[in-house]
Amino acid sequence: TYPYIDEKSTFFHKDTYFSSVYRLYINDHKIRCFLFSIIAKIEIAIRSLFNHHMIKLTGDSFWHVDSQHFTDFNDVETALRKVITRIKQSKEEFNEHYRNKYCNPKSQSFEDAPPFWILAETLTIEQLYTFMKELNQKDIHKLNKFSRKLGFNSYQSLIHNIGCIKDLRNVCAHHSRLWNRNLKATNGTRKQLKFSPAHPNRLYD
């Protein structure tokens, strides 16, 4: 009902019909479903490529339990413990197989943490964003090179846009209003667009 209500009086505008409100609601639902399916593919792609890049960069499939790889390990540890709890409760075959046969050889504090290529399958986009955002950027040139493979000029631009995707994904997942919502503006993507948006951080019907 947002576009049909007068902000000052809080009453509906004249000639507002239920059918108009309902049509807008249905269109908003369709946009959310459309975007959610695309976001799922983007999330899987980033998760897979980041996993491959970090294991290749560090030479260690347990790099995620080593605090030296992060600028601030507190948020990472919180995310890590949450995903470990989910893995321990998981009925997925690959998680059960690891739990029954292996343990983490690199850290007693995180002995239940599997290698990142297993962990990545259970990460939420929020947790993935935390790992990427808090990553120590001493090898920034390699991170920038990785980001360019995904179409971004820098690692900072990649992180910013993953944050945008995360917020957009949460709006879609929780069935919130997306139409005309003031979203976080993307970074470094305008040149790649075929059409320049009049409002880069809003969706209009």
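**Salt bridges and surface patches**

K106 is exposed, with a relative accessible area of 52%. In this description, exposed stands for over 50% relative accessible area, buried for under 20% and partly exposed for values in between, with a 1.4 Å probe and protein chains only. The model is predicted, and for this reason local features need pLDDT of at least 70 and side-chain atom pairs count only at pLDDT 80 or more, while totals for chains, interfaces and linings use all residues. Residues are numbered from 1 along each chain as its sequence is written, and side-chain values use heavy atoms, with hydrogens and water left out.

The partner of K106 is D60, and the two form a salt bridge whose closest N and O atoms are 2.9 Å apart. K106 sits in the loop between α3 (93–101) and α4, and D60 in the loop between α1 and α2 (73–89), so the pair ties together parts that are 46 residues apart in sequence. D60 counts as buried, at 15% relative accessibility. The helices named here are DSSP runs (H or I, at least four residues; strands are E runs of at least two), numbered from the N terminus. A salt bridge requires a side-chain nitrogen of Lys or Arg within 4 Å of a carboxyl oxygen of Asp or Glu. Side chains of opposite charge can pair when their charged atoms come close.

The salt-bridge count comes to nine by this rule. Another of them joins E121 to R47, with 3.9 Å between the closest N and O atoms. E121 belongs to the loop between α4 (116–119) and α5 (125–133) and R47 to helix α1, so parts that are 74 residues apart in sequence are tied together by the pair. E121 is partly exposed, at 47% relative accessible area, whereas R47 is buried, at 13%.

E126 and K166 also meet through their side chains in a salt bridge, at 3.9 Å from N to O. This pair links distant parts of the chain, 40 residues apart, with E126 in helix α5 and K166 in helix α7 (residues 155–173). E126 is partly exposed, with a relative accessible area of 38%, and K166 is buried, with 10%. Salt bridges with shared partners join E126, K166, D167 and K184 into one network.

Y129 is buried, at 14% relative accessible area. The C-alpha atoms of Y129 and R32 are separated by 21 Å, and these two residues are 97 apart along the chain.

Patches are built from residues with over 30% relative accessible area and no salt bridge, joining like charges within 9 Å and nonpolar side chains (Val, Leu, Ile, Met, Phe, Trp, Tyr) within 5 Å. K56, K142, K145, R148 and K149 form a positive patch. Helix α6 (residues 140–149) gives the largest share, four residues. K56 is placed in helix α1 (residues 18–58) and is exposed, with a relative accessible area of 67%.

A nonpolar surface patch consists of F18, Y22 and Y25, with about 430 Å² of accessible area together; such areas come from the Shrake-Rupley method with a 1.4 Å probe, and for residues only the protein chains shown count as cover. Of this group, Y22 lies in helix α1 and is partly exposed, at 46% relative accessible area.

Technical notes:
Lys and Arg count as positive and Asp and Glu as negative; His and the chain ends are not counted. The place of a charge is taken as NZ of Lys, CZ of Arg, CG of Asp or CD of Glu.
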